[in-house]
Amino acid sequence: MNILVLEASTTSAKAMVYNDALGMIDISIAAYPEEIKHKGTVLTDKVMECVFELGKHISRGRKIDAISICGTWLSLVVCDRSMVPKMPTYSWTYMGAVETIKELRKDNDFSLSMYKRTGCIPHSIYAAYRLYHLIREKSLDVSHSYILGQGSYMFYKLTGERVETTCMMSGGGWINLKDMDYDSEVLSFVGIDKSQLGRLESYGNNYPLTSEAAEMLGIDPGIPVIPAHPDGALNQTGALALENGIMTISIGTSGAIRMSKESIELTDDFSTWCYVSPENKYIHGGAISGATNCVDWYRSNLADNMSFEGLEAEIRYDLKNPTFLPFLYGERCPGWNDDKKGGFSYITGETSIGDCYYSVLEGILMNIRQCYEEVIKSTGKPSQIKVSGGILKSRLWTQMLADILQQEITCSDIDQASLLGGAILAFRSLKQDEAPINEFILSKDYQVNPNVEMNSFYNERYTQYLQAYTKSN
């Protein structure tokens with residue numbers, strides 16, 4: 001059985017063909033063209049075209065039995081009643097809503113109430129609050145509109161059905177964690193009606209591919225399409241981390257720590273979040289806005305696009321290296337400070353390009369360590385840590401993660417865990433059972449052990465990082 005998984009991530013289109021007997025048999029990834037991006041937004045139909053074009057390419061000559069859709073938790077699309085986008089897709093990187101939502105958070109009682117109900121602090125990364133800003137500050141009229149995300153929009157284009165998953169909408173700040181339904185207070189606050197959102201269903205439901213969409217993809221009509229799920233939750237699924245006690249760390253454009261539990265665990269200081277999982281359990285975690293986007297910023301602006309290999313060759317492990325705060329795109333966990341600025345501290349005349357590059361890699365992981373320490377306060381320490389994302393392309397950076405956490409980490413030779421998670425959900429949807437998924441995974445995991453000799457070094461570097469973190473705004 002061949003599953004075609006289509007993903008619209010924050011910065012790129014992805015497609016994979018997965019076979020339940022052979023594993024991954026093809027994968028293709030392409031960054032979105034610069035001309036379709038603008039200040040935290042992307043052209044909705046152009047993103048869809050990029051994703052579908054990759055899907056058509058890797059499906060050529062193959063029989064596809066089902067399609068699984070992957071989007072992002074945090075995207076926002078507003079369509080008219082004919083399902084034509086009224087504006088571009090707003091991603092979590094859109095900074096225009098920061099001041100509006102920061103004012104909301106000054107009301108601690110309101111923030112705590114919304115957080116306890118939905119697991120999401122009022123913040124501009126969440127679709128519900130981004131829409132609130134666009135309605136209040138940009139005079140966006142949504143009275144005759146439908147509200148959805150990029151992944152759900154693609155699902156509609158493939159099936160003609162306006163469907164959401166509880167998991168997807170939970171990460172947008174829309175879902176009451178206890179009721180597993182749209183939260184009435186959130187809807188009232190934003191100013192929309194429940195009918196403007198897609199009906200909630202699970203991965204167990206699927207819908208047939210329309211003839212028009214089949215022609216666009218070059219595959220057979222009528223095959224089942226599984227509703228869109230978020231990349232973060234599918235990372236958890238693809239990493240086989242659905243059991244209690246297994247933590248995943250994904251580091252790509254942004255970064256996140258996630259841990260599955262059957263109970264709701266929230267903090268009093270909003271430092272972590274809690275979303276509904278695909279299995280209607282709960283995913284607890286923390287997220288950072290600056291990861292490989294900070295690496296790309298450094299290479300393109302300060303290192304003359306020097307190769308990764310060349311930069312790594314220049315690295316020195318020195319306590320006198322600069323400290324880097326990875327808040328070029330604001331702070332999510334643990335402080336949720338939109339105004340927090342990133343940059344280097346403790347640069348001297350002896351600081352080299354390699355020293356700064358090391359500090360960028362380290363600073364990102366120090367922010368991950370902050371999130372790790374906050375998450376385990378409510379969930380307890382993990383029994384296993386599984387890592388995915390672009391970090392795995394660098395053995396040096398992966399080793400740094402193990403050393404900074406001083407924990408053994410498990411890595412997979414498939415670094416696109418979200419695509420794999422989409423394939424797993426498709427299989428489960430079609431089989432309608434809970435058969436163990438391990439037997440269908442043919443990737444080879446490998447362990448990275450922490451270097452105990454680096455423990456004192458990184459503890460001192462973490463102290464330096466926290467000092468710089470505390471001093472910054």
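Predicted model: local features only at pLDDT ≥ 70, side-chain atom pairs only at ≥ 80, totals over all residues.

Me: How many of the residues of helix 13 are buried?
Reply: Eight of its 11, so to speak mostly covered. Buried means under 20% relative accessible area, with exposed over 50% and partly exposed in between (1.4 Å probe, protein chains only). Helices here are DSSP runs of H or I with at least four residues, strands are E runs of at least two, and both are numbered from the N terminus.

Me: Which ones are they?
Reply: Trp397, Thr398, Met400, Leu401, Ala402, Asp403, Ile404 and Leu405 are the buried residues in helix 13.

Me: OK. At what angle do helix 12 and helix 13 cross?
Reply: Roughly 40 degrees, and the axes of helix 12 (residues 353-379) and helix 13 (residues 395-405) come within 10 Å. Axes are lines fitted to C-alpha atoms, for helices over the stretch in contact, and angles run from 0 to 180 degrees between N-to-C directions. The two helices are therefore oblique to each other; under 35 degrees counts as roughly parallel, over 145 as roughly antiparallel, 65 to 115 as roughly perpendicular and the rest as oblique.

Me: And which residues make the contact?
Reply: From helix 12 they include Tyr358, Leu361, Leu365 and Arg369, and from helix 13 Trp397, Met400 and Ile404 are among them. Contact means heavy atoms within 4.5 Å. By class there are 13 nonpolar residues, no polar ones and two charged. Nonpolar is Ala, Val, Leu, Ile, Met, Phe, Trp, Tyr, Cys and Pro, charged is Asp, Glu, Lys and Arg, and the others, Gly among them, are polar.

Me: How does helix 10 pack on helix 12?
Reply: Helix 10 (residues 292-302) packs at about 165 degrees, with the axes 9 Å apart. That makes the two roughly antiparallel. Cys294, Val295 and Tyr298 of helix 10 meet Ile353, Cys356, Tyr357, Val360, Leu361 and Ile364 of helix 12. That contact has nine nonpolar residues, no polar and no charged.

Me: Switching to rings. How many aromatic pairs are there?
Reply: The structure holds 20. Rings of Phe, Tyr and Trp (its six-membered ring) pair if their centres lie within 6.5 Å; planes under 30 degrees apart are stacked, over 60 edge-to-face and the rest tilted. Take Tyr317 and Tyr358: the centres are 5.5 Å apart and the planes at 75 degrees, so the pair is edge-to-face. Tyr317 sits in the loop between helix 11 (308-313) and strand 20 (323-325) and Tyr358 in helix 12, so the pair ties together parts 41 residues apart in sequence.

Me: Is Tyr358 buried or exposed?
Reply: Tyr358 is buried, at 0% relative accessible area, whereas Tyr317 counts as partly exposed at 42%.

Me: What about Tyr465 and Tyr469?
Reply: They form a stacked pair, 6.3 Å centre to centre with 25 degrees between the planes. They are four residues apart in helix 15 (residues 455-471), so about one helical turn separates them.

Me: And what does Thr323 touch?
Reply: Thr323, in strand 20, touches residues including Phe344, Ser359, Arg461 and Tyr465, not counting those up to four places away in sequence.

Methods: Residues numbered from 1 in each chain as written. Heavy atoms only, no water.
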